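I opened the model today to look up a few points about how its pieces pack. My notes follow in the order in which I checked them.

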Amino acid sequence: MMDLNFFLFVAMVMSLIIVPGPDMLYVVGRSILHGRAAAWYAALGIAFGYTVFTILVAAGVGLIFERSPVLFLGLKVTGLVYLAYLAYRLFSSTGEIEMTGNAPARTLREDFVFGILTSTLNPKGILFYFSILPQFFVIGASPLWEQALLYGLTTSILCLIMYYAAGLGAIYSASRWQMTPTRRRTVSRISGSVLLFAVAVLVITTELPGK
C-alpha cells in the first residue's frame with residue numbers, strides 16, 4: 001500500500017504543480033526578468049518554504065493522529081473534499097491566467113526570501129500540507145513522522161525541479177510558454193482527472209476507526 005500511495009502521491013503532486021498558480025507564476029516572472037539564476041533561487045525558496053511545512057507536520061502528526069484515529073479520519077475527509085473541489089475548479093477553468101511583468105529588481109537573496117514567502121503564505125500550500133498530505137499516511141506501515149518527511153520532502157523536490165524547469169522554459173521557449181487558453185484548459189482538465197482518480201482510490205482505501 002505504501003508503494004501504491006507513493007506513486008499515486010507523486011502523480012497527484014505533479015498534476016497540481018503543472019497548473020500555473022502563484023508559485024509557478026512567481027518563478028516564471030523572476031526568470032523572465034532576471035534569467036536562470038533568479039529562476040533557481042526563486043524555486044529554491046519555494047521548495048524551502050514547503051520543507052518548513054514538512055518539518056511542522058512531521059513534528060506533530062504522529063503524536064496527534066496516532067492518539068486520535070477519529071481526528072485522523074476527520075482530517076482525511078476534509079482533504080478528500082478539498083481535493084474534489086480542486087478537481088472541480090480545474091475542470092471549470094477557462095484557461096485564463098494573469099501575470100504581472102513589471103516587478104522591481106531584486107537580488108538573488110531576495111528572490112530566495114520572496115520564494116519562501118510565496119509558498120508559506122499560499123493558502124493552498126497550507127491546506128495541502130495539513131489536510132491533503134495526511135491522506136497518504138498508512139498507520140502501522142512506519143512511524144507517521146517518517147511518512148510525513150517522505151511525502152513532504154518529495155513535494156519540495158518536485159516543486160524545485162518543475163518550477164525551475166518552468167523558469168528555464170520561460171526564458172528559452174517564450175513562445176511555447178504563452179499557451180492559448182484552449183491548451184491551458186486541456187492541461188487543467190487532465191490534472192483534474194488525475195485528482196479525481198486520486199480521490200477515488202483514497203476513498204476506497206480509507207479505513208474507518210475500529211476496523
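In which hand, left-handed or right-handed, does H2 pass H5 in their crossing? I found that H2 passes H5 in a right-handed crossing, where right-handed means that the near helix is turned clockwise from the far one by less than a right angle, and left-handed that it is turned anticlockwise.

Before going further I noted that this is a predicted model, in which local features need pLDDT of at least 70 and side-chain atom pairs count only at pLDDT 80 or more, while totals for chains, interfaces and linings use all residues. Residues are numbered from 1 along each chain as its sequence is written, and side-chain values use heavy atoms, with hydrogens and water left out.

**Overall make-up.** I counted 9 helices and 0 strands in the protein, taking helices (H or I, at least four residues) and strands (E, at least two) as DSSP runs numbered from the N terminus. Of the 211 residues, 42% count as buried (under 20% relative accessible area with a 1.4 Å probe and protein chains only; exposed is over 50%, and partly exposed lies in between). Among contacts (heavy atoms within 4.5 Å) between residues at least 6 apart in sequence, 87% join residues at least 24 apart.

**H2 against H5.** I then returned to the pair and saw that the axes of H2 (residues 22–34) and H5 (residues 108–120) come within 9 Å and cross at roughly 165°. That angle makes H2 roughly antiparallel to H5, a term used for angles over 145 degrees; the axes are lines fitted to C-alpha atoms over the stretch in contact, and angles run from 0 to 180 degrees between N-to-C directions. From H2, Pro22, Asp23, Tyr26 and Arg30 meet Glu110, Asp111, Phe114, Gly115, Thr118 and Ser119 of H5. By class, this contact has 3 nonpolar, 3 polar and 4 charged residues, with Pro, Tyr and Phe among those counted as nonpolar, Asp, Glu and Arg among the charged, and Gly among the polar.

**Threonine 118.** Within H5 I looked up threonine 118, which counts as buried because its relative accessibility is 19%. Leaving out residues up to four places away in sequence, threonine 118 touches Pro22, Asp23 and Tyr26. A polar atom of the threonine 118 side chain lies 2.7 Å from the backbone oxygen of phenylalanine 114.

**Arginine 189.** My last entry concerns arginine 189 in helix H9 (residues 181–205), which is partly exposed, with a relative accessible area of 41%. Arginine 189 and serine 15 are 174 residues apart in sequence and 10.0 Å apart in space, C-alpha to C-alpha.

Notes. Parallel < 35°, antiparallel > 145°, perpendicular 65-115°, else oblique. Polar contact = N/O pair within 3.5 Å; in protein donor to acceptor, adjacent residues only side chain to side chain.
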